[in-house]
Amino acid sequence: MSLNPRLQDWADRTAWVVGASTGIGRATASHLHRLGAQVFVSARNEAALQEFVRDHPGSVAVPLDVTDREAVAAAHAQVMRQARAGGLDLVMYCAGYYQPMRVETFDLDEALRHERINVGGAWHVLAAVLPTLRRQGHGHLSLVASVAGFRGLPKALAYGPTKAALNNMAEVLYLDLQPQGIGVSVINPGFVQTPMTAQNDFTMPALLTPEQAARAIVAGWQSGRFEIHFPWRFTLWLKFLRHLPHRWYFPAVRRVTGG
């Protein structure tokens, strides 16, 4: 049974992808454009957004810094002024920040930067779009979290808790918005080739390209799933670990990761 309305026909739909300058966000915006959606792309890197627009005629660049509440509100207003008559059909929050961190390298400023971008930025986008979605009575809100939010993992001291927060946030949003006809999904990717994961100094199993991730995400929206996780051969294993008692989980993770 589908938990969300299925987004199967993208022609004449409007999508706003926040965090679209690189990686998963850019690839997903590109895929939606190919399917016929009117795509608005946002990020801090205006040059990257303008390059996207040149490569995807009809798309619109809306630069913003997600940590700036007023900038997010102004960007939303621009999107709504230029959106097609049907309103806002999809908002994807893909902005994110990641620095590997363990106790030995704990940096408070870096930890708080994770919080401001990964969680605070999501709050800013929600504050802007929720009144629009509720007034419309339709649309879809999708948050990009991570399998790092399932349970504690080595080197994810700052990143993991923020992605766990997005998973919880998406569940609460679903409970409130689904009865109002608004879809909500959370995206939990495994390892994807992006500028963020390029920092990792370990072998990343089942590594995907951003284009493969984008296809999995859009397929999840098309099937009406709440949680979209991939690749399954990796994420299902992590989901199994999620249910282990702590006395088994901690030794298992240390054995697998060397951490």
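**Sheet and helix packing**

Q: What stands opposite Met92?
A: Ser142 in strand E5. This is a predicted model, where local features need pLDDT of at least 70, side-chain atom pairs count only at pLDDT 80 or more, and totals for chains, interfaces and linings use all residues. Residues are numbered from 1 along each chain as its sequence is written, and side-chain values use heavy atoms, without hydrogens and water.

Q: How do E4 and E5 pair, and over how many bridges?
A: Strand E4 (residues 90-93) and strand E5 (residues 140-144) pair in the parallel sense over four bridges. Two strands pair if DSSP finds at least two bridges between them. Strands (E, at least two residues) and helices (H or I, at least four) are DSSP runs, numbered from the N terminus.

Q: And the strand order in the sheet?
A: E3-E2-E1-E4-E5-E6-E7, an open sheet of seven strands with parallel pairing. Strands E3 (60-61) and E7 (227-230) are the edges, each pairing on one side only.

Q: Which strands does H4 lie across?
A: Helix H4 (residues 108-136) lies across E1, E4 and E5, at about 170° to E4. Angles run from 0 to 180 degrees between N-to-C directions, and axes are lines fitted to C-alpha atoms, for helices over the stretch in contact (heavy atoms within 4.5 Å).

Q: Switching to helix pairs: at what angle do H1 and H6 pack?
A: About 60°, with the axes of H1 (residues 23-34) and H6 (residues 210-223) 8 Å apart. They are therefore oblique to each other; that class is what remains after under 35 degrees (roughly parallel), over 145 (roughly antiparallel) and 65 to 115 (roughly perpendicular).

Q: Which residues of H1 make the contact?
A: Gly23, Ile24, Ala27, Thr28, His31 and Leu32. On H6, Trp221 is one of the partners.
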